[in-house]
Amino acid sequence: MPAKIIQRDSSPFKTVKLDSITLDIIENALRNARAEMDAVLFRTAMSPGIREQHDAFPMIANNDGKMVVGQFGSFIYGFVQGYEGEIEEGDIFLTNDPYSCNGAVSHLPDWLTLMPIFDRGRLVSWAAMFGHMTDIGGKVPGSLPTDATQIFEEGIQIPPVKIYRKGQLNRDMLELLLRNCRMPHWNRADFDAMIAALRLAERRVREIIARFGVDEYIAAMAEMLDRNRRAMSAIIKMVIPEKKAYFEDYIDDDGAGMGPYKVACSLWREGEVAVFDFAGTDPQSQSSVNFFLNEEMFKMFLGAFFINLFDPQILFNDGFYDLVEVRIPAGSILKPQRPAALSCRTHMLGRIFDIMGGLLGQGAPEALNAAGFSDSPHLMYSGYDKSGEWYQLYQIGFGGIPGRPAGDGPDGHSLWPAFTNVPNEFLESYFPLRIAKYESIPDSGGAGQHRGGNGVCIAYEFLEPGEISIHDDRWLTYPWGVNGGLPGARSTKELLRNNGSREWLPSKCDRIKVEEGDILFFNTWGGGGWGDPLKRPAERVAQDVARGLVSIDGARRYGVVVRADFGVDVEATEILRRQIAAGRNQPLPLFDRGGSIEELKARCKAETGFEPPSMPRFARWITAPERQAR
Amino acid sequence: MATAAVPTYRLGVDVGGTFTDLLLIDESTGETYSAKVPSTPKDSSIGVLNGIARICEQNKIDPQRITHVMHGTTVATNTVLEGKGASVGLVTTVGYRQVLQIARSYVPGGLGGWVIYNKRPLLAPLEHTIEADERMDARGNVIAPLDEAALRKSLAALRNKGIEALTVSLLNAYANGAHERRVREIAEEVLPGMPVSISSEVMPEMYEYERTETTVVNSYVRPIVSRYIKNLGSELERKLGAVKLHVLRSDGGLTSSEAASHSPVNMLMSGPAGGVAGALWIAQQSGFKNLLTFDMGGTSTDVALIQDGLAQTRRETRVADVTVRAPSIDVRTVGAGGGSIAYVPELTKALRVGPQSAGADPGPAAYCKGGDKPTVTDANVVLGYLPVSSRLGGDMKIDRALAQKAVQSIADALGKTGHEAAEGVINIVNENMFGALRLVSIEQGYDPRDFALVAFGGAGPLHANALGKLLGSWPVIIPPAPGVLCAYGDATTRLRDEASRTFIRRLAQTSDAEVLAQLVELAATARQSLSNEGVPTSAQSVAYQIDLRYRGQGLRLTIDVAPEQFAQTGLQGVAKRFDDLHTQLYTFAIEAEHELVNLRAVVQGPQTTVRAEQLPQGAADASHAVVEKTKLFVDGAERSAPIYDRARLKAGNRIAGPAIVAQMDTTTLILPGHTGEVDKVGNILIRPNP
């Protein structure tokens with residue numbers, strides 16, 4: 001039964017004819033309001049994850065809960081349908097439970113706050129904000145236990161609760177939650193900051209209504225949604241063929257020795273509707289790499305991708321949702337069944353972008369990017385310092401943006417909106433750490449006419465004994481290149497002990513003990529290359545060499561011979577380019593994955609130092625035929 | 001120095017794109033004289049000297065009597081905007097060569113923005129970046145000494161690479177600059193004559209990317225700025241004898257020409273700062289101290305907030321896509337102005353204005369220079385707000401038919417009349433301006449209804465009345481002349497210098513005494529440069545600033561505290577005021593420890609007395625100033641309206657809207673239902689009719 005919404009005034013809104021310019025003005029005003037929500041949050045939050053790295057996202061939706069401004073699309077309609085209870089003015093909801101909100105947030109550390117906005121007793125809008133908390137309890141610091149098999153191990157679960165009821169904070173509830181977190185003062189400040197952002201949205205919405213009238217406001221939101229739908233409809237017809245395209249990609253392992261896990265997706269168009277069908281995707285994992293994919297969020301990824309390609313001025317929103325159909329098999333790694341663990345979903349979440357690119361690029365070559373930095377690798381470092389104070393760091397790493405039709409991929413940048421790195425001087429000042437090196441890794445970007453961005457090497461020197469966790473991927477499969485571009489380099493993690501010994505660390509691990517003076521080399525992966533590397537002007541390759549982004553050896557992958565003074569050896573380059581061209585099969589492959597899964601596994605031990613992961617085994621209750629039929 | 005018998009003068013000079021404005025002040029009486037001459041963009045010092053000759057001749061003043069020249073300059077800004085700065089070399093700590101390449105890893109444009117994002121080239125390219133083998137820790141302790149022999153080798157390799165300025169930015173140098181200073185000594189030996197900027201002097205604050213970028217920008221603009229200042233200084237001395245040249249900094253303080261040449265990164269907002277200072281000065285003559293300033297030009301618009309006579313400052317300066325950590329008046333710039341192009345995208349059929357601009361060339365369609373895209377200016381022409389008789393600084397012609405034709409293209413796409421489309425363009429651009437004004441007011445916790453709106457710049461007075469309506473800011477003040485306004489600002493600001501250091505301590509880890517000792521030392525450093533300028537200690541005023549936050553937060557709020565105040569209430573008082581400010585800005589305070597971040601002492605010289613030029617008194621009736629009648633399209637209807645000549649207005653004249661007031665360098669629109677009143681200093685004060 002859907003929620004009961006209590007309005008003092010439940011009279012319907014009048015239909016008004018809206019001047020298109022008033023509409024544009026309201027659109028701008030909402031755009032500004034969203035930017036202000038971010039500003040308030042980033043300035044007042046305390047955890048480095050939110051305040052420095054911006055792992056938090058705002059939204060304003062219409063009275064039906066459809067996102068009008070925001071990033072990741074709306075889940076509110078689904079929430080209202082599923083919430084059994086009353087919703088009234090002054091209420092603010094809090095949840096972190098993916099299973100209660102159909103994956104609107106996809107793991108427990110993301111705390112989602114949601115507020116209905118009333119104007120003179122009538123529900124006129126919704127505002128929401130979610131942010132990644134540094135810790136929400138559970139079995140490991142940072143609350144992303146790689147080896148969790150059930151969500152109960154991953155921290156405190158909060159089904160949708162009224163953290164504010166009619167304007168009154170439920171203090172008992174908040175204290176209960178914070179009692180379960182290792183860094184309660186950060187959570188508290190981050191929570192306050194999110195609430196401040198919601199209240200700001202409320203003030204702005206009321207101001208807009210005071211200026212233009214409530215009926216006009218409601219009509220404007222409807223029209224903004226509709227305008228978006230018309231634009232997306234045109235794009236979908238232009239870009240997505242009726243003929244079926246298929247693409248698959250992988251996450252390498254589950255942190256428990258099994259992998260890779262496959263995501264398969266087919267795409268075709270039926271009339272004006274694009275259909276994404278994930279049939280063939282692997283069942284859910286028994287560890288925590290499952291990603292509860294919300295269909296609406298997937299649609300938003302698609303919309304954002306298109307809009308940036310075709311008209312970045314459009315304020316994208318939920319309006320086009322009925323133009324996209326997303327089919328995800330229940331019990332698959334993208335739609336796991338409770339109580340499957342979800343905490344380490346970041347790899348699969350990122351990989352969705354590569355899937356989407358690989359699919360769309362087949363129908364629209366102008367949209368075909370190489371595989372990019374489709375992840376948010378994490379480092380956790382925690383322990384007690386010499387004065388007995390608990391320290392706990394959660395940090396997101398960055399890598400190579402892929403080579404794209406638009407140009408080279410930037411080195412060491414973020415694929416996620418708004419994310420920034422944490423300044424190393426900040427880290428050294430507040431954590432027992434010294435960052436001995438912070439550089440992109442030469443040659444890690446895939447060679448191509450447009451070079452893939454390089455991955456990053458961060459050398460963390462630990463100054464206190466403690467424990468670290470690592471969450472990364474693409475250590476086995478390659479970030480693929482396209483249109484003849486070569487794959488980027490894979491990720492590695494190496495620990496140099498204070499006694500001089502060296503060891504490779506797996507891509508996903510928890511509770512690795514470190515001592516004072518140990519140095520971790522956290523190497524992220526590069527973006528794939530775009531287009532034939534032999535077509536890249538030799539001078540640009542030489543310039544990359546002079547800049548330390550490509551090595552003299554690495555330049556040979558472009559068929560370019562660079563002298564020690566960074567000049568191009570023109571003659572030798574011509575010969576080398578001819579040789580390489582003669583030895584290649586034509587046409588160049590659309591996708592270059594650096595080998596099949598079988599080949600990569602066979603070379604795994606020799607190339608990475610690790611045994612290849614074994615074939616995933618799936619829980620029988622998931623793979624049982626009667627379940628599949630459901 | 002001045003004696004009673006022979007008057008001495010100080011001169012304010014503002015160099016704009018078209019005109020150079022000068023303002024001469026008699027130091028004993030405060031009497032002022034102004035002049036306007038064409039700018040000389042190739043070498044703007046020529047225009048300045050022409051202007052000095054003109055103003056002295058007109059008023060029979062001996063140029064040798066000018067003792068101080070105060071100058072706001074856009075040389076640094078333009079160097080960045082036009083990408084014409086020096087070729088910069090960079091020295092980083094080993095392991096940090098790519099500090100600018102990786103930057104903050106940020107990709108603009110929201111979800112999917114990476115698909116189209118291309119990074120701009122670095123101001124200090126990697127092929128000109130070398131590493132120094134050395135290391136400090138976060139507290140400024142030496143972890144690894146500087147390898148001098150290796151550094152000499154690396155620096156030698158930079159020879160013959162065409163580098164014109166060198167930057168040194170080492171990790172944790174904000175805590176201890178010893179290694180940077182040593183690197184500079186060695187660099188000066190290895191690369192003689194090379195100007196070297198070091199981060200611990202330019203911006204001794206935490207965050208390696210921001211500090212490095214700031215110091216690199218300093219190097220980037222330094223050769224051009226210092227050459228300009230040196231030339232101007234020596235030319236002035238040749239013509240005027242012993243004269244002190246001061247330059248306006250981004251934060252609205254005046255600095256010596258030496259300091260300006262050394263740290264030109266502090267000059268990036270010198271131009272806008274002059275405008276804000278001038279707006280403050282002229283509005284104060286009419287009795288207003290709480291102001292929003294609105295400076296709308298051809299390609300961009302600057303807005304700022306002044307409370308109780310003090311412009312808000314922030315520790316960040318932005319010019320186009322370059323952001324540096326240098327203090328500046330909190331001027332927000334919107335990339336929209338008279339030249340912004342309106343268009344209707346095929347996909348959405350929405351009316352968009354900007355960010356593309358027709359710039360000066362080809363400019364708006366109405367300017368007859370080959371532009372055919374509809375701009376904000378064209379919309380103003382179509383609506384009759386910008387009459388075809390406008391002189392636009394003398395020689396530019398306005399063609400209404402061309403403006404109509406351009407605007408018709410979007411009108412057709414929208415299915416509206418030309419008038420409706422033009423009014424839409426104006427409404428949308430006003431909304432963008434409104435957004436910027438909210439950033440400096442509402443978003444900072446100020447209610448715009450408590451502020452008057454001062455409008456200047458070529459296009460500001462055209463849009464000001466409409467913005468007053470949106471903001472509820474009354475009166476809207478239109479100063480007598482936008483150019484001379486900046487010169488007023490240059491001439492009336494005070495000498496200023498500051499010294500700061502990062503001092504990260506929780507409140508419990510330090511004491512009032514320890515902090516005070518640091519502040520006193522900083523004040524002594526800051527006093528030095530004013531003393532060098534001949535300002536006696538007795539005439540210097542000192543203020544302290546403490547940046548703090550709740551421990552764990554990323555923000556820093558600056559609390560101003562006078563020395564006497566600090567003596568009374570100490571750090572507890574500062575913490576209390578921080579809580580209040582945090583509540584004002586963000587609606588809540590936190591029960592968390594306070595943490596000091598930076599300490600700063602700001603020293604200022606004495607205020608200059610200046611008397612504004614007074615208008616002759618007239619009656620309420622302004623009909624003597626009407627030069628013609630015109631037609632305006634406003635609020636969906638065409639109405640007839642008089643055009644007034646600004647030069648003929650007298651104090652006390654009242655102008656009922658709709659009306660246009662024309663003058664050489666701007667045009668004022670007074671809307672129906674509003675009245676403009678001319679006051680004794682020539683400001684037009686627009687208010688809604690009761």
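Author: Start with pLDDT, the predictor's confidence in each residue, on a scale from 0 to 100. For chain B the mean pLDDT is 89, and 97% of the residues reach 70 or more. The model as a whole scores ipTM 0.90 and pTM 0.87. This is a predicted model, in which local features need pLDDT of at least 70 and side-chain atom pairs count only at pLDDT 80 or more, while totals for chains, interfaces and linings use all residues. Residues are numbered from 1 along each chain as its sequence is written, and chains are lettered from A and ligands numbered from 1 in the order in which they are written.

Reader: Why should I look at pLDDT before anything else?

Author: Where pLDDT is low, the predicted coordinates should not be read in detail.

Reader: How do I judge the overall form of chain A?

Author: For the 630 residues of chain A the rule gives a value near 25 Å, and the chain has 25 Å, so it agrees with a compact globule. Along the principal axes, its C-alpha atoms fill a box of roughly 80 × 60 × 55 Å. A residue is buried if 20 or more other C-beta atoms lie within 10 Å of its own, exposed if 12 or fewer, and partly exposed in between, with C-beta atoms placed from the backbone. By that count 60% of the 630 residues of chain A are buried.

Reader: What secondary structure does chain A have?

Author: Helices (H or I, at least four residues) and strands (E, at least two) are DSSP runs, numbered from the N terminus. Chain A comes to 15 helices and 24 strands.

Reader: How do I read a strand, say β6(A)?

Author: In a regular strand the side chains alternate between the two faces of the sheet. In β6 (residues 110-119) of chain A, 10 of the 10 residues are buried. One face includes A:Leu112 and A:Phe118, and the other includes A:Trp111 and A:Ile117. As for neighbours, two strands pair if DSSP finds at least two bridges between them. β6(A) runs antiparallel to β5 (residues 92-95) of chain A, with three bridges, and antiparallel to β7 (residues 122-132) of chain A, with 10 bridges. In β7(A), A:Ser125 is the bridge partner of A:Ile117.

Reader: And how can I tell whether a helix is straight or bent?

Author: Compare its span with the expected one, which is 1.5 Å times one less than its number of residues. The 29 residues of α5(A) should span 42 Å, and the end C-alpha atoms are 42 Å apart, which agrees. Now take α16 (residues 563-586) of chain B: a straight helix of 24 residues would span 34 Å, but α16(B) spans only 28 Å between its end C-alpha atoms. A bend at a residue is the angle between axes fitted to the seven residues ending there and the seven starting there. α16(B) has a kink of about 100°, centred on B:Thr569.

Reader: Which residues of α16(B) are buried, and what covers them?

Author: An α-helix has 3.6 residues a turn, so residues three or four places apart point the same way. The buried residues here are B:Leu571, B:Val574, B:Phe578, B:His582 and B:Tyr586. Their cover includes α1 (20-44) and α5 (184-212) of chain A, along with β26 (541-550) and β28 (594-604) of chain B. Seven of the 10 residues of β26(B) are buried, so β26(B) is itself largely enclosed by the rest of the structure. 10 bridges join β26(B) to the antiparallel β28(B).

Reader: How do I read the place where the chains meet?

Author: Count contacts: two residues are in contact if their C-beta atoms, placed from the backbone, lie within 7 Å. Here 66 residues of chain A are in contact with 55 residues of chain B. On the chain A side, α1(A) gives the most, with 11 residues.

Conventions: Rg over C-alpha atoms; globule rule 2.2 N^0.38 Å.
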